[in-house]
Amino acid sequence: MTQNLSWDLYRTFLAVLTEGSLSGAARALGITQPTAGRHIAALEAALGQTLFTRSQTGLLATDAAQSLRPHAQAMQHTATAFERAAATHGDGVNGVVRISASEVVGVEVLPPILSALRRAYPQLTLELVPTNRIQDLLHREVDIAVRMAPPQQEALIARRVGSVDVGLHARDDYLARYGAPSTLVDLVHHTVIGFDRMTPFLRDATRRYPDWARERFAFRADSDLAQLAMLRAGYGIGACQVPLARRDARLVRLLPGAFRFKLQAWVTMHEDLRSSPRCKATFDALVAGLSAYMAE
């Protein structure tokens, strides 16, 4: 009877899917490899399905396993949300709040905001997921998300905190060596930092600015942090949030009249969390802190 299967079996199944091997799953979960093997065998026997086949590179998920992946992920998100809620005791602001934000916002903008929040509420534990992938609030992958686009899902509380300018920048010593471009067309003569894979947002941006295009980039990365690091290292010219660039005296903005676009920022959470003191305090702190950042 599959309804009596232990959550440990599903957790091991998801770990093997993610890691691609029993040994990798065992390391990720802190269990032994034989235990992981027994979990998979028990799950396959209960479901009457072969979930993995062996190959020279590890375990390959069958079609049946792939079809079960989203259900196992939903169970994992529910379990972690349960654990976060269970970590809260009493009526004060305490317990665990899980937050997601883009890489650059999570690493470059949020730390002082979260530090001030922790000082105000010492019993609060914060988990940060810096990722450019949109986390699912409805399935409680995270409690609160900072997004650079309006939320599309219903049942969410969303607060627009402003918009931030993105412009072209370069470090002063790069400009001393190679000069500054006078027009966007001049970028063809410069070392340009940019993205690797196209997204709908980037597709729209390149339609507006055809001279800022992937085939012209001398450094490509989908990581915002990698692009920012190369910009700070003097590698070349790249796009950066203007308030963030202003914090580095060596970064110079280029062609502000010719290249400029805005990113809207929203703080969102599931409406079921509106009565949670820990989530409300965190939500309000993010709105206030990000609003101040956008106004810089």
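Buried means under 20% relative accessible area, exposed over 50%, and partly exposed in between, with a 1.4 Å probe and protein chains only. The structure is a predicted model, in which local features need pLDDT of at least 70 and side-chain atom pairs count only at pLDDT 80 or more, while totals for chains, interfaces and linings use all residues. Residues are numbered from 1 along each chain as its sequence is written, and side-chain values use heavy atoms, with hydrogens and water left out.

**View 1. The cysteines Cys279 and Cys240.** Cys279 has 0% relative accessibility and therefore counts as buried. Cys240 is likewise buried, at a relative accessible area of 5%. The structure holds zero disulfides, a disulfide being a pair of cysteine sulfur atoms within 2.5 Å.

**View 2. The largest nonpolar core.** A nonpolar core is a set of buried Ala, Val, Leu, Ile, Met, Phe, Trp, Tyr and Cys residues joined through side-chain atoms within 4.5 Å. The largest one has 57 residues, and those with the most contacts inside it are Val105, Leu110, Leu168, Trp212, Val267, Leu286 and Leu290. Helix α10 (residues 277-294) contributes the largest share of this core, eight residues. Helices (H or I, at least four residues) and strands (E, at least two) are DSSP runs, numbered from the N terminus. Apart from this core lies another, of 18 residues, which include Ala15, Leu17, Ile40 and Ala65.

**View 3. The surroundings of Leu290.** Contact means heavy atoms within 4.5 Å. When neighbours within four places in sequence are left aside, Leu290 is in contact with Val105, Val109, Leu110, Ile113, Val146, Val161 and Val267. In soluble globular proteins, nonpolar side chains tend to be buried together.

**View 4. Leu47 in helix α3.** Leu47 is found in helix α3, which covers residues 33-47. At 30% relative accessibility, Leu47 counts as partly exposed. The C-alpha atoms of Leu47 and Leu5 are separated by 10.0 Å, and these two residues are 42 residues apart along the chain.

**View 5. The protein chain as the setting for the close-ups.** The protein chain contains 10 helices and 11 strands, and its C-alpha trace spans about 70 × 55 × 30 Å along its principal axes. Of the 296 residues in the protein chain, 45% are buried. Among contacts in the protein chain with a separation of 6 or more, 73% are accounted for by residues 24 or more positions apart.
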